[in-house]
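Keep the structure open beside the text as you read.

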Amino acid sequence: MKRKHKRLTFVGLALLLIAAAVGLILSAFEESIVFFHSPTDIVEKQVSPDRRLRLGGLVEEGSVEKKGDAVVNFRVTDMANAVNVTYRGILPDLFREGQGVVAEGTYVAGVFKADEVLAKHDENYMPPEVADALKKSGKWDEMSEEMKKQGHVSGETPK
Amino acid sequence: MDVIKEFLDMGGYGGYIWPSYIVTAVVLIVMLVASQRLLKGNEATIKALEPAKKEETGEEKT
Amino acid sequence: MLHRFANPTRFLRIATLVQPWMAWSTILLAGAGLYLGLLSSPADYQQGESVRIMYVHVPAAWMAMFCYTGMAVSAGVGLIWKHPLADIAAKATAPVGACFTFLALFTGALWGKPMWGTWWVWDARLTSMLVLLFLYLGYIALANAFDDPSRGTRASSILVLVGFVNVPIIKFSVDWWNTLHQPASVIKMDGPSIDASMLWPLLLMAVAFNTYYLWVLLIRIRAEIVANKIRILRLKQVHG
């Protein structure tokens, strides 16, 4: 009986220590675990033009401009700041205004030059009719406000 | 025919949806069959071992 | 209570009784889930038909974490209370859990390509899921690496328990860091953000995956118990 208790406390303590150690490591490396930076991050921090980074946020409504030769310009916003993005290539199916997006590239002289654009989708799943009904009843804006507050689509980690 | 075609096409995503379902089914069925075979194999081995043990003890008696 | 089920002979009797129930539940639930998921459920307002990958992807990912949690609990019980059946359950779960993890990654890639525009990214959710696959594979390799099975069990049980820190990391990675992967839709504080017409096939498939796991687990535990008997018999024959 006593040896069992000893083993139990030993295993319990060891697990606690490991969890604490891993927690410390993860918080120390937070900067590199984060997959993308918000427009605010990029505007406020001085980033050198040769550093590759990822920019994440919502595609600003009405900002998408398709130029010829597969070049597309748009703005990525986190509701506080917005960054101009220019990209040449194929966009994913989910890329649309008002939706989440992650662009990889460099930030040079106020323009984010992306060489890869990924779409980010949110956690809401529903048939189109339900989405239409929500939009009509005005509940849609309420819901997306809620999402923005939670920071899920804005690319900001809730602090 | 068109209904089937449309169903298989899945709005253009058939090439992603069907492999997901087929690979899932194949992996899970292979896992199940392999486990069943492992059990049957082990049961056969122990059946083969147990009479052998009895024979040995029988030989000792004579 | 635990001791009753920990008796392998009694367990074998119960397992043979329960197994057909698990088999039929799996077949019926998966049948219903596939019908709802592939035929009667609607397409998503954003993702279109591709949302149907969810009905295999999400259950596989849940089971990957469920199996690992079950393995960690079994390994802990085996290590502390020396229940032989707990060690056997952990060992029997590992290959099934590894399959689920592989499927979650594989179907995730097939879903990511059309929706996100990439098969794979090194974000926190995807990377921690890949770590889970390596933990399963490492466990399987370690458990079979020793000639003395009891030493293999000890070493691999410790690995499972240490690796358990990864499970909460997978679950909360989408909340703690920003990731390409979206946050949870079903298991979250303010209720599911998924329409009932899509939640039903998802839940049916999830329960089907669960009964499938129990079905295969019972078979594998029975196989392990017989394998242990064979080992003992062989030892007796060599020494006796």
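Between chain A and chain C there are 0 salt bridges. This comes from a predicted model, in which side-chain atom pairs count only at pLDDT 80 or more. Polar contacts across the interface of chain A and chain C are another matter, with 16 residue pairs found where both partners are at pLDDT 80 or more. Five elements of chain A each supply at least two residues of the side that touches chain C: α1 (2–28), α2 (30–33), β6 (111–120), α4 (128–137) and α5 (139–150). Of these, α1(A) provides the largest share, 9 residues. Sorted by class, the side of chain A that touches chain C holds 25 nonpolar, 7 polar and 8 charged residues.

As for extent, 40 residues of chain A contact 44 residues of chain C. Together the two chains bury about 3700 Å², with 63% of that given by carbon and sulfur atoms. On the chain A side, the residues that lose the most area to chain C are Phe35(A), His121(A) and Tyr125(A), which together make up 20% of what that side buries.

Chain C itself has 8 helices and 0 strands. Its C-alpha trace spans about 70 × 35 × 30 Å along the principal axes. Of the 240 residues in chain C, 58% are buried. Among its contacts between residues at least 6 apart in sequence, 74% join residues at least 24 apart.

The largest nonpolar core has 90 residues, and the members touching the most others are Met54(C), Phe100(C), Tyr212(C) and Ile221(C). Helix α3(C) contributes the largest share of this core, 16 residues. To see the packing around one of these members, look at Ile221(C): leaving aside residues up to four places away in sequence, Ile221(C) touches Phe11(C), Leu85(C), Ile88(C), Ala89(C) and Ala92(C). There is also a second, separate core of 19 residues, which includes Ile42(A), Leu55(A), Leu91(A) and Tyr107(A).

Side chains of opposite charge can pair when their charged atoms come close. Over all chains, the whole structure has 10 salt bridges.

| Salt bridge | Closest N to O distance |
|---|---|
| Asp115(A) with Arg52(A) | 2.8 Å |
| Arg75(A) with Glu60(A) | 3.2 Å |

Arg75(A) is in strand β3 (residues 71–77) and Glu60(A) is in the loop between β1 and β2 (65–66), so this pair ties together parts of chain A that are 15 residues apart in sequence. Arg75(A) counts as partly exposed because its relative accessible area is 28%, and Glu60(A) is partly exposed too, at 26%. Elsewhere, salt bridges that share partners join Arg52(A), Arg54(A), Glu104(A) and Asp115(A) into one network.

How exposed or buried are the members of that network? Asp115(A) has 45% relative accessibility and so counts as partly exposed. Arg52(A), at 44%, is partly exposed, and Arg54(A), at 25%, is partly exposed as well. Glu104(A) counts as buried, because its relative accessibility is 18%, and the cut-off for buried is under 20%.

Methods. Residues are numbered from 1 along each chain as its sequence is written. Chains are lettered from A and ligands numbered from 1 in the order in which they are written. Side-chain values use heavy atoms; hydrogens and water are left out. Contact means heavy atoms within 4.5 Å. Buried area is the accessible area (1.4 Å probe) that two parts lose on being put together, summed over both. A salt bridge is a side-chain nitrogen of Lys or Arg within 4 Å of a carboxyl oxygen of Asp or Glu. A polar contact is a pair of N or O atoms within 3.5 Å; within protein, one must be able to donate a hydrogen and the other to accept it, and residues adjacent in sequence count only if both atoms are side-chain atoms. Helices (H or I, at least four residues) and strands (E, at least two) are DSSP runs, numbered from the N terminus. Ala, Val, Leu, Ile, Met, Phe, Trp, Tyr, Cys and Pro count as nonpolar, Asp, Glu, Lys and Arg as charged, and the others, Gly among them, as polar. A nonpolar core is a set of buried Ala, Val, Leu, Ile, Met, Phe, Trp, Tyr and Cys residues joined through side-chain atoms within 4.5 Å. Buried means under 20% relative accessible area, exposed over 50%, partly exposed in between (1.4 Å probe, protein chains only).
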